[in-house]
Amino acid sequence: MATTEQRLRDVQTPIRFSVNGRCASVSTSPAQRLSRVLREDLGLTGTKVGCDAGDCGACTVLLDGEPVCACLVAAAQAEGCEITTVEGLAQRGPLYDKLQKSFLTHGAAQCGACTPGMLIAATALLEKNRAPTENEVMDAIGGVLCRCTGYRKIITAVLDVEGGRSLQATPDAGQAVGNRLVRLDGQGKVTGAEIYGADEIPAGALVIRAVRCPFHRARFRFGDLDAYVAENPGISAVLTAKDVPGENRYGVISKFADQPVFAESEARFRGEAVAAVVGAADVIERLDLAGFPVSWEELPPLMTIDDALAPDAPRVHVDRKENVLVRGRVVCGDVDKALTEADVTAE
Ligand code: FES
Ligand code: FES
């Protein structure tokens, strides 16, 4: 039987709203995320998606003038509303021009992934308050995460929006050393025009849906995967651990890498991927995984460090004795002595 989510996904409703001053009409599920409607139906890829969960703020847009996470707004909630994305900020008067320049001058747009969300959040603040305090700026942009700048440059850029300073794109001959430069690729980042990997999907590209363990720990067996592919038009393949070339594990530090791409026969946590169904985008979008041929045998989970360190605890990874990844020792010397003897100290 179709789930409520499935039924909602299958309904296509015309939804009308205004985006960046223009009327837009899309036919989509009322439950579709506004971020997806903007990016995939309307091609406004300046709005980024980092988490799809309301955590990162990369998808922040203005909805009737208020900043919202577009990934948490259902398309139906946008009916009749005025949406502004980063691509439309330029229409909101000279303030945005100053804000863009300030971001470039202060190096506030680095990789640029957070920049559209930051610019939207800052615009929402500055349209109400042209001379905010530092705390007000921090509050306003607090819902948007940045992994590059340490936030200081962004806060300074917003505070200095009326400063009117802008850097020369190229310093005069002989003046380059010690001079700040505007990033050569900065402009696209502050207009939302920069294209990232997730912003361009080749026509006809296949997509995947991961099949994930519904228990904290479980053994699993697949049924006939070839028959599943053959019986489901639009599905091209099912990938499992057997399809991973080389070692089925990944991690940032190779010695510690122990996370498999797909679990093999036993899944260690709820949500661990055991397979991926590959197929046409519209088929995968509507795929009901209730029919996927996998059977689960729930096992007692290890939910705490103490559970995992108990002498009779099952091994989470066969090659990690006592469920310990690494043991180490940190030794601290005499800090005061080292400072006293240092040639130079800085505070
Ligand atoms: S993508 Fe919307 S908050 Fe992260
Ligand atoms: S500039 Fe890279 S995340 Fe903010």
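**Domains and their boundary**

Guide: The centres of domain 1 and domain 3, taken over C-alpha atoms, are 30 Å apart. This is a predicted model, in which local features need pLDDT of at least 70, side-chain atom pairs count only at pLDDT 80 or more, and totals for chains, interfaces and linings use all residues. Residues are numbered from 1 along each chain as its sequence is written, and side-chain values use heavy atoms, leaving out hydrogens and water.

Visitor: Which residues make up domain 1 and domain 3?

Guide: Domain bounds come from an automatic or database domain assignment. Here domain 1 is 4-88 and domain 3 is 207-304.

Visitor: How many residues of domain 1 and domain 3 are in contact?

Guide: Contact means heavy atoms within 4.5 Å. Six residues of domain 1 touch five residues of domain 3 in this sense.

Visitor: What is the area buried between domain 1 and domain 3?

Guide: The size of an interface is often given as the accessible area lost when the parts come together. Buried area is that loss with a 1.4 Å probe, summed over both parts. Between domain 1 and domain 3 it is about 450 Å², with 24% from carbon and sulfur atoms.

Visitor: Which side chains meet in a salt bridge?

Guide: A salt bridge is a side-chain nitrogen of Lys or Arg within 4 Å of a carboxyl oxygen of Asp or Glu. The rule finds one across the interface of domain 1 and domain 3. The side chains of Arg-36 and Glu-285 form a salt bridge, at 3.1 Å from N to O.

Definitions and conventions: Chains lettered and ligands numbered in written order. Buried area = accessible area lost by both parts, 1.4 Å probe.
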